[in-house]
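Biologist: I'd like to learn how to read helix packing and sheets from a model. Could you walk me through this one?

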Amino acid sequence: MSEHRIPLAGVIGAPVAHSKSPQLHQHWLKVHGLRGYYIPMHVEAEDLAQALGAMPRMGFVGANVTVPHKERILEIADIVTDRASLIGAANTLIFREDGKLHADNTDGYGFIQNLRQSAPEWDPTAGPAAVLGAGGAARAVISALLDEGVPEILLSNRTRVRAEALRDAFGQRVVVVDWVQAGNMLEDAATVVNTTSLGMLGQPPLRVPLDGLQRQALVTDLVYTPLKTRLLAEAEDLGCITVDGLGMLLHQAVPGFERWFGERPVVDSAARAAALR
Ligand code: ATR
C-alpha cells in the first residue's frame, strides 16, 4: 500500500445495514489515531467476485464477510487457512500485496477469547461441553472447543442429521444427543453454548430445561440481542458463570483490524459501548 493511500476495510454482506462492525472498527481507528475507514457494503451474491476483484484497486486492504457470503468466499479466495476450510466458512479477508486473496475464519478465536477474558477461571478441560445447534456458528464453536482440549462435545440440534454431519466432520469426541433430550445433556456439562437463533429478539424462546445444570458450569449464548437472554438469566439465577455473546463479535474483529491497520486493538468497555451505539 502506497503511503499516499488511506487504507480501507469494511464488511460485505446482504443485508449488512444492521452490522455493528463499522462502529467498532471506526472506534478503534480513532483510539489508535490511525488514518483509515471501515464501511458497510451491501453486495449481492452474484456480484461478490467482481466486487472483491475491484476492491484492492480502490485502496481496500481487507474486509470482513458476513451472511450470505461466508461459505461461498472459500471458492473465490486464492488462499484459505486450514481452520477456515475445516469450519467451511471464512469471515476475514486480506488483499495481499501479491494480488492474492487470503481468507481466514476468526469466529472460533473470538468465541474462545471472549470466554477467556470474561471468565478467566473457565477451564475447558474440566468436563464435556454441551452445544445447542448445528448450523454455521456451531462449526466454529466446536472446532475452537476441540482445540482448547474439551474432552467431549455433546451436540444437540432440532434437525438431527445436521448434528450427525458435524460429528462426521469433527470426529468421535462429538456425541450427538436427540433434541428432545437436550436438557439431560446439560447435567454433565462444564460448558454450555447456545449457537441456535432461539432467544433472539423476534425468534421463539429456547425451551431447554436447565434444572440439571451444574452450578460451576459456564453458560454462554451466541445470541446478543438481547444481551441477557433467558438462557443466561436462568443460568445466572442458578449460580452459573455466564458470558454474553457480544464479546465474541468484538474479539473476532481483532485479528482483521491488526492485519489491515497495523495495531492490535483491545476489547474493553469503550469498544463494547461503540458496538452498541
Ligand atoms: P448460524 O450460521 O447462525 O448457525 P444457521 O446455519 O441457519 O445459522 O443455524 C441456525 C441454528 O438454529 C440451527 O441449529 C437451527 O436448527 P436446524 O438445523 O434444525 O434448523 C437452529 N434453529 C433455528 N430455529 C430453530 C427453532 N425454531 N427450533 C430449534 N432450532 C432452531
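Predicted model: local features only at pLDDT ≥ 70, side-chain atom pairs only at ≥ 80, totals over all residues.

Biologist: What describes two packed helices?

Modeller: The angle between their axes, plus the distance between the axes. The crossing of H1 and H12 is right-handed.

Biologist: Which residues in H1 and H12 meet?

Modeller: On the H1 side you have Gln23, Leu24, His27 and Trp28, and they meet Ala270, Ala271, Ala274 and Ala275 of H12. Sorted by class, the contact of H1 with H12 has 6 nonpolar residues, 2 polar ones and no charged ones.

Biologist: Let me zoom in on one of those. Is His27 buried or exposed?

Modeller: The cut-off for buried is under 20% relative accessible area. His27 has 15% relative accessibility, so it counts as buried. Leaving aside neighbours within four places in sequence, His27 is in contact with Ala270, Ala271 and Ala274.

Biologist: Which other residues of H1 are buried?

Modeller: Besides His27, the buried residues of H1 are Ser21, Pro22, Leu24, His25, Trp28 and Leu29. What they pack against goes beyond H12: the buried residues of H1 also pack against E1, E2, E3, helix H10 (246–252) and H11. Just after H1 comes Gly33, with a positive phi of about 60°.

Biologist: Now the sheet. In what order do the strands come?

Modeller: Read across the open sheet of 6 strands and you get E2-E1-E3-E5-E6-E4, with mixed pairing. Strand E2 (37–42) and strand E4 (79–80) stand at the edges with a single partner strand each, so one side of each has no neighbour in the sheet.

Biologist: How do strands E1 and E3 run, and how many bridges join them?

Modeller: Strand E1 (residues 8–13) and strand E3 (residues 62–65) run parallel, joined by 2 bridges. For a landmark, find Val11, which stands opposite Asn64 in E3. Helices cover this region too: H1 lies across E1, E2 and E3, and runs at about 165° to E2. Helix H11 (residues 254–261) also packs on the sheet, where it touches E1, E2, E3 and strand E5 (92–95), and its direction makes about 10° with that of E5.

Biologist: What about strands E7 and E8: in which sense do they pair?

Modeller: Strand E7 (residues 129–132) pairs with E8 in the parallel sense, over 4 bridges. Ala129 has Ile153 in E8 as its bridge partner. For side-chain direction, look along strand E8 (residues 153–156): Ile153 and Leu155 point one way, Leu154 and Ser156 the other way, and all are buried.

Biologist: One last residue, then. Where is Asn114 found?

Modeller: Asn114 is found in helix H5 (residues 107–118). Its relative accessibility is 4%, so Asn114 counts as buried. Setting aside neighbours within four places in sequence, Asn114 is in contact with Ala119, Val243, Asp244, Gly247, Met248 and His251.

Conventions:
Residues numbered from 1 in each chain as written. Heavy atoms only, no water. Left-handed = near helix turned anticlockwise from the far one by under 90°. Contact = heavy atoms within 4.5 Å. Nonpolar A, V, L, I, M, F, W, Y, C, P; charged D, E, K, R; others polar. Pairing = 2+ DSSP bridges. Axes fitted to C-alpha atoms, helices over the stretch in contact; angles between N-to-C directions. Buried < 20%, exposed > 50% of the residue type's maximum accessible area, 1.4 Å probe, protein only.
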